[in-house]
Amino acid sequence: MNTKIQDDISHIKAMMERSSRFISLSGLSGIVAGSIALVGAFVAFLMLKEHGGIYKVTAENKLDLVLNFSVLAVVVLISAIGAGTLFTLNKSKRLGLPIWTQVSKNVLKALLIPLVTGGLFCIALVVKQEYAFVAPAMLIFYGLALLNAEKFLFSDIKYLGYLELALGLISSFVLYYGLLFWTLGFGVLHILYGIILYKKYN
């Protein structure tokens, strides 16, 4: 009898989890997104090296470098989102769960509010030529987005959010090392947490 009751409770908890949290998020998404970010960071490093390093960027080639970085950022973002969506769709199909539900809408809304705000803020920083604060701002707003969406995702996501926030705040006090902190936040941390989520939930 006790075993049956425990099974029923476990079944109810699983149903509640499925109805309140977006469990189709795949750990592979984080691994691939982090790997793409590392490749993007390496390309950015090569671009910076071609201009002689951060301290040798002149007014003449600064605009060219900013434009190249912007194009690279868009390519990395689209690639990471595309890969993440693909793995999430595959996991959702494997679990037999619909992808577009009220929960997934809540996740999207919770993520987009901080991310769109942060994106606009970063554009303002670029327009005002405050380039050194772009990487810290990206990390901070991304961390806020993860914390905002955590209630609809795996609870482990909040730790990634806290780490992204911490890196962003540290980076804002140690300017001109933005690429390094960006690489750690969007590359290394994504891969590590992707591995953890994959082993735990996939």
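Which side chains meet in a salt bridge? In this predicted model, the partners are Asp156 and Lys200, with 3.0 Å from N to O. Side chains of opposite charge can pair when their charged atoms come close.

Two packed helices are described by the angle between their axes and the distance between the axes. For helix α5 (residues 134-149) and helix α7 (residues 178-201), the angle is about 30° and the axes are 8 Å apart. Angles under 35 degrees count as roughly parallel, so α5 runs roughly parallel to α7. On the α5 side, Ala135, Met138, Leu139 and Tyr142 make the contact, and α7 answers with Gly178, Phe181, Trp182, Gly185, Phe186 and His190. Sort the α5–α7 contact by class and you get seven nonpolar residues, three polar ones and no charged ones.

A nonpolar patch of about 960 Å² is built from Leu38, Ile170, Phe173, Val174, Tyr176, Tyr177, Leu180, Leu184, Val188 and Leu192. Helices α6 (157-173) and α7 are the elements that give two or more residues to this patch. The largest share, four residues, comes from α7, and Leu180 is a patch member found in that helix.

Technical notes:
Residues numbered from 1 in each chain as written. Predicted model: local features only at pLDDT ≥ 70, side-chain atom pairs only at ≥ 80, totals over all residues. Heavy atoms only, no water. Axes fitted to C-alpha atoms, helices over the stretch in contact; angles between N-to-C directions. Parallel < 35°, antiparallel > 145°, perpendicular 65-115°, else oblique. Contact = heavy atoms within 4.5 Å. Nonpolar A, V, L, I, M, F, W, Y, C, P; charged D, E, K, R; others polar. Patch = residues over 30% accessible without salt bridge, like charges linked within 9 Å, V, L, I, M, F, W, Y side chains within 5 Å. Areas by Shrake-Rupley, 256 points an atom, 1.4 Å probe, with all protein chains shown as cover. Salt bridge = Lys/Arg side-chain N within 4 Å of Asp/Glu carboxyl O.
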